[in-house]
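Here is a short report on how two chains meet. Look at the structure first, then read on.

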Number of protein chains: 2
Amino acid sequence: MSAAVCFTHFLCAQSADVLKVRNYFENNQHSILNEFVSFLSIPNVTNDSANIRRNADFIMNAMNTRGIQNVQLLYPTTTKAVPSVYGEALIPGAAQTIIFYAHYDGQPVIPSQWAKGLAPFTPVLTKESLEKGGSIINFPPSSTPYDLQNRIYARGASDDKAGVMAILNAYDAIVKSGMKPTVNIKFFFEGEEEAGSDHLFEILQTNTALLQSDLWIICDGPVHQSGLKQVVFGVRGDTHVEVTVYGSKRPLHSGHYGNWAPSPAMMLAKLLASMKDDNGRVTIKGFYDDVIPLTAKEKKALELVPPVDEQMQKELGFAKREMKDFNLAGAINLPSLNINGMQSGGVGKNASNVITTSATAKIDLRLVAGNDWKKQQQKVITHIQAQGYFITYKEPTDEERAKYPKIAKIELSGGYNAQKTSMNLPIAQKVIAAVQSTTKEQVVLMPTLGGSLPLFVFEKYLNAKTITVPIANHDNNQHAENENIRLLNFRNGIETFAALMMMK
Amino acid sequence: MSAAVCFTHFLCAQSADVLKVRNYFENNQHSILNEFVSFLSIPNVTNDSANIRRNADFIMNAMNTRGIQNVQLLYPTTTKAVPSVYGEALIPGAAQTIIFYAHYDGQPVIPSQWAKGLAPFTPVLTKESLEKGGSIINFPPSSTPYDLQNRIYARGASDDKAGVMAILNAYDAIVKSGMKPTVNIKFFFEGEEEAGSDHLFEILQTNTALLQSDLWIICDGPVHQSGLKQVVFGVRGDTHVEVTVYGSKRPLHSGHYGNWAPSPAMMLAKLLASMKDDNGRVTIKGFYDDVIPLTAKEKKALELVPPVDEQMQKELGFAKREMKDFNLAGAINLPSLNINGMQSGGVGKNASNVITTSATAKIDLRLVAGNDWKKQQQKVITHIQAQGYFITYKEPTDEERAKYPKIAKIELSGGYNAQKTSMNLPIAQKVIAAVQSTTKEQVVLMPTLGGSLPLFVFEKYLNAKTITVPIANHDNNQHAENENIRLLNFRNGIETFAALMMMK
């Protein structure tokens with residue numbers, strides 16, 4: 001036990017049970033990782049229903065092989081395209097039931113953006129991360145153990161097929177090591193998370209009895225940037241506003257009309273620039289209203305989070321500039337506005353000497369406890385209107401073009417609110433203790449994850465509590481090209497879930 | 001003569017000579033347009049040297065067929081890829097020599113962006129413009145005259161193969177109608193204009209004797225938006241600055257880092273927004289300095305330009321908003337800054353929930369007499385620097401990323417200055433009179449075209465004067481998809497050049 005890094009009130013040592021799980025991994029690493037690679041080889045882009053089904057079949061087979069009971073697909077009432085995979089291991093005498101959640105679908109891919117030698121659904125092994133100069137290496141023969149600093153690159157490697165396989169292997173490790181879970185375990189793997197979980201509520205609604213539990217453990221997202229494990233008590237909500245502004249109906253020669261015709265690119269630049277000040281604070285009226293302040297316990301937990309701002313700035317390659325009054329841990333406890341994408345015409349070799357006809361930006365809104373996603377969208381729309389724009393929700397008509405000097409078309413996505421579970425609940429304390437039992441280092445306790453999951457549906461339709469326990473390395477490139485998982489994180493994840501399945 | 005539309009001091013009637021040319025066109029319209037269509041069927045994307053050469057061969061053949069003398073290709077000294085086509089018709093006793101210029105290369109094409117049924121190098125005939133609801137129709141049999149309101153759609157139809165063919169047919173019409181040019185005629189057709197005419201000066205430099213003249217008549221660009229013919233005494237210069245600003249080295253999850261990490265899209269929006277005020281006036285320091293004020297005669301000419309702002313706003317589909325103190329004719333007599341393209345990440349179905357790594361804008365700078373293109377570029381760079389940016393001309397290094405909160409990479413294009421010929425020159429007066437002799441309506445006299453041509457090279461290397469006489473309809477979609485020429489403009493162009501070849 002190292003006093004320097006272990007300053008919480010929990011036991012700072014790895015339990016004997018955890019060491020058995022580690023031993024199991026070491027003895028079975030090739031079969032475990034072979035199965036993982038096969039899983040990653042099945043394309044899983046969300047909404048690709050044929051391949052989504054192949055992934056679901058793969059998971060069902062992996063569950064049956066492990067002796068998990070009552071394995072089945074749970075369908076939404078309105079579509080067969082996005083089933084969740086369910087299974088259970090009920091333990092005689094267990095007083096509590098925990099549902100372990102992960103999702104098996106992945107973000108869309110643009111293969112051309114992936115690094116040389118990589119394809120999203122052809123998993124490869126690398127020494128170190130490619131961004132840090134790592135290179136692609138061969139998978140070792142079965143006689144040679146893996147170097148756990150190696151990484152597997154593929155879509156879904158971290159987000160979130162690692163979660164699915166870590167949960168299943170944790171159960172396997174417990175049983176095959178002659179141990180027993182202390183709680184009833186239910187497995188729930190979603191196939192539509194990256195598309196916004198639009199049908200998840202239908203599955204919950206029609207399976208309330210099957211999905212009874214004392215807690216959902218959500219496996220998604222990365223561990224803390226310091227490398228420490230973390231337990232996260234909430235997630236931010238998320239919604240989007242796409243805005244398109246208009247100029248001429250046809251592209252104009254930038255010489256003949258270059259001072260005179262409206263420039264949608266410049267109009268959009270001015271509109272976006274009006275939304276944040278130079279410190280990154282959102283200037284939209286009332287944007288930070290509705291936020292429920294952090295509790296004393298949450299503030300205390302945040303104070304204990306190791307500061308990683310400098311490390312992250314260095315790793316990500318920038319000098320700090322925005323949000324000068326906020327550190328990273330504090331910043332994610334506020335609602336945010338971010339431009340996911342912005343486009344008008346082409347640049348580089350795709351540029352033409354024209355004035356473009358329109359300009360579009362996709363705006364991402366993250367929400368914290370207290371925010372309502374529809375209200376947050378409306379604040380943005382009201383702001384655009386206050387900049388003199390006529391708001392429409394379809395392509396402007398000729399009459400509208402003739403009448404309004406500034407026209408903005410708004411496309412609203414769906415969305416959902418943030419969700420937070422109290423750190424004071426007895427089962428929350430059990431979760432913290434279980435995760436702490438797997439590591440000699442401090443476990444970080446976060447009031448919320450920066451990322452978003454539609455956890456509100458569990459509360460709304462099942463009246464259930466959720467706590468998130470992520471396992472991926474923080475530099476996993478989730479949602480982007482070159483997604484990867486570090487093998488050590490994958491193994492540590494198996495240990496974490498095993499400890500949770502055996503929580504005291 | 002209509003007093004309402006003819007208020008210049010020139011003769012407002014069509015001369016007998018012009019009517020003979022019109023008669024010739026009417027009797028030979030099928031062979032003239034068949035040849036034009038064959039010409040348009042040869043792909044002419046600038047830099048496509050194999051096809052560029054096929055176009056040059058076609059022109060040489062067309063010149064030889066017409067009895068034009070000394071037909072040859074003029075090559076730059078450093079490349080064989082972009083020859084100009086030369087020929088001459090020297091008239092015994094003629095005191096002056098006019099060179100007629102057009103270019104035969106065209107802008108790049110993106111076939112998928114062209115309207116249904118169109119391909120850039122498969123010319124089709126349409127009734128009216130497609131944008132105004134016109135439809136594709138069959139070419140008429142040789143027994144049926146063309147409706148001159150019809151249009152031919154193809155890359156180069158207006159910019160600038162129409163110029164080449166109008167000039168050659170003007171000469172043909174004079175000779176075959178039993179008339180005689182009053183000036184020595186030299187023909188000069190460039191093959192590299194749309195790529196920036198980078199090698200034109202080499203051709204001029206090595207052929208100073210061959211290219212002696214009293215005036216170059218440049219045929220490029222459109223007639224006035226009012227539909228009136230115009231004589232243009234200058235062109236704007238042009239250059240570009242591409243700017244890229246940087247955030248994290250890898251794309252970041254917009255949830256986990258959404259309030260904290262720098263957003264290149266927002267940085268670029270703020271940077272671009274700082275370059276213009278809400279009236280479209282450029283706010284870059286000294287941007288309007290160096291401009292040589294218009295002469296009294298130029299101001300008078302501008303006052304006589306029929307206002308087309310309202311007509312153009314209606315046609316282009318917008319309510320007026322920028323540059324409230326400037327009308328279209330006035331605006332093009334100022335330097336401009338326009339965003340040709342702007343991009344960071346994707347929008348619509350290409351959007352991801354990320355914070356992007358960089359954002360890029362291509363900025364187009366148009367110049368008027370007095371501006372120096374390198375100085376104008378520098379004003380933009382100095383402005384970016386004044387917004388707190390570290391300026392680099394290559395990808396930023398890790399050291400630079402760690403040191404500077406705001407980094408802008410600058411990519412500078414080539415460029416050239418504006419060019420203007422005095423309206424007071426005797427030969428300028430002859431040109432105006434010749435063009436006026438072809439129409440009952442007022443000829444518009446413009447100090448400058450909004451667009452750009454590297455006319456400075458004629459002055460620099462040949463000490464030559466240039467006057468531009470465009471013929472295309474203003475709604476020809478030059479540089480964009482669906483380029484077209486209205487047949488009436490093509491025929492009128494033949495008449496205009498014939499009058500110029502017979503100037504008094």
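## Salt bridges and polar contacts

Four salt bridges link chain A and chain B; each is a side-chain nitrogen of Lys or Arg within 4 Å of a carboxyl oxygen of Asp or Glu. One salt bridge pairs Arg250(A) with Glu315(B), with the closest N and O atoms 3.0 Å apart.

Between chain A and chain B, 44 residue pairs are in polar contact, both at pLDDT 80 or more. A polar contact is a pair of N or O atoms within 3.5 Å; within protein, one must be able to donate a hydrogen and the other to accept it, and residues adjacent in sequence count only if both atoms are side-chain atoms.

## Basis of the model

This is a predicted model: local features need pLDDT of at least 70, side-chain atom pairs need 80 or more, and totals for chains, interfaces and linings use all residues. Residues are numbered from 1 along each chain as its sequence is written, chains are lettered from A in the order in which they are written, and side-chain values use heavy atoms, without hydrogens and water.

## Extent of the contact

Chain A brings 97 residues to the contact and chain B brings 95 residues. Contact means heavy atoms within 4.5 Å.

Together the chains bury about 7,900 Å², with 55% of it on carbon and sulfur atoms. Buried area is the accessible area (1.4 Å probe) that two parts lose on being put together, summed over both. Asn259(A), Trp260(A) and Met342(A) supply 12% of the area that chain A buries against chain B, more than any other three residues.
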